[in-house]
Amino acid sequence: MEKSLSEPDEIVELSYLYDFYGALLKENHRLIFEDYVLNNLSLGEIAREHQITRQGVYDIVRRCRLKLREYEEKLQLVCKFQQTRQKLQEIEGIARESADSETAGRITRLAEEIYDII
């Protein structure tokens, strides 16, 4: 059962998936998905803008959700990103607790550089 888009967790999840895999969607599907998920437009608003039916918009959004989740299931990029971010937070915590402020500063700077990369 799909979660309602009104649930914040669903919006966050779809936003992450879109950030990582959105470029793999067809351009028209990407635009409709962006309007629905990121721009919070209604099915009717999107249907009028793209001159298709509300059902057509719903079907595209549903297919995009499934496709993005399929990509994540296979590639695990979002999961790896979140795990990396969590480990960086742990590293920063250890650096803050360190008695050696010079080493702690170096560790914190490295963590910040890694954040910039990911």
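Guide: Buried means under 20% relative accessible area, and exposed means over 50%. Everything below describes a predicted model.

Visitor: Which residues of H5 are buried, and where do they lie around the axis?
Guide: The buried residues of H5 are Val78, Phe81, Leu88, Glu92, Gly93 and Ala95. They cover an arc of only 160° around the helix axis. That arc puts them on the same side of H5.

Visitor: Which exposed residues sit on the face of H5 turned away from its buried side?
Guide: Exposed requires over 50% relative accessible area. On the face of H5 turned away from the buried side, the residues that are exposed are Ile94 and Glu97.

Visitor: How far apart are the end C-alpha atoms of H5, and what span should its 21 residues give?
Guide: H5 runs through residues 77-97. At 1.5 Å a residue, its 21 residues should span 30 Å. The end C-alpha atoms agree with that, as their separation is 30 Å.

Visitor: How are H5 and H6 oriented to each other?
Guide: The two helices pack at an angle of about 165°, and their axes are 9 Å apart. Angles over 145 degrees count as roughly antiparallel. H5 and H6 are therefore roughly antiparallel.

Visitor: What is the handedness of the crossing where H5 passes H6, and which residues of H6 take part in the contact?
Guide: H5 passes H6 in a left-handed crossing. From H5, the residues in contact are Arg85, Leu88, Gln89, Ile91, Glu92 and Ala95. They meet these residues of H6: Ala104, Ile107, Thr108, Ala111, Glu112, Ile114 and Tyr115.

Visitor: Which residues does Tyr16 touch beyond four places in sequence?
Guide: Tyr16 belongs to helix H1. Setting aside residues up to four places away, Tyr16 touches Val78, Phe81, Gln82 and Arg85.

Visitor: How is H1 oriented to H2?
Guide: H1 packs against helix H2 (residues 27-38) at an angle of about 150°, with the axes 11 Å apart. That makes the pair roughly antiparallel.

Visitor: Which residues of H2 do the H1 residues meet, and what is the handedness of the crossing?
Guide: H1 brings Leu14, Ser15 and Tyr18. In H2 they meet Arg30, Phe33, Glu34, Val37 and Leu38. The crossing of H1 and H2 is left-handed.

Visitor: Is His29 buried or exposed, and which residues is it in contact with?
Guide: His29 is in helix H2. Its relative accessible area is 16%, so His29 is buried. Leaving aside neighbours within four places in sequence, the contacts of His29 are Ile60, Arg63 and Cys64.

Visitor: Where is Asn28, and what is its relative accessibility?
Guide: Asn28 also has its place in helix H2. Its C-alpha atom is 14 Å from that of Tyr18, ten residues away along the chain. Asn28 counts as partly exposed because its relative accessibility is 40%.

Visitor: Which residues of H3 are buried, and which exposed residues does the opposite face carry?
Guide: Leu43, Gly44, Ile46 and Ala47 are the buried residues of H3. They cover an arc of only 165°, which puts them on the same side of H3. Their cover includes H2 and H4. The face turned away from the buried side carries the exposed residues Arg48 and Glu49.

Visitor: What is the phi of Gln76?
Guide: Gln76 lies in the loop between H4 and H5. With a relative accessible area of 30%, Gln76 is partly exposed. Gln76 is not a glycine, yet its phi is positive, near 60°.

Notes: Residues numbered from 1 in each chain as written. Predicted model: local features only at pLDDT ≥ 70, side-chain atom pairs only at ≥ 80, totals over all residues. Heavy atoms only, no water. Helix = DSSP H or I, 4+ residues; strand = E, 2+ residues; numbered from the N terminus. Expected span 1.5 Å × (residues − 1). Buried < 20%, exposed > 50% of the residue type's maximum accessible area, 1.4 Å probe, protein only. Arc of directions from axis to C-beta. Axes fitted to C-alpha atoms, helices over the stretch in contact; angles between N-to-C directions. Parallel < 35°, antiparallel > 145°, perpendicular 65-115°, else oblique. Left-handed = near helix turned anticlockwise from the far one by under 90°. Contact = heavy atoms within 4.5 Å.
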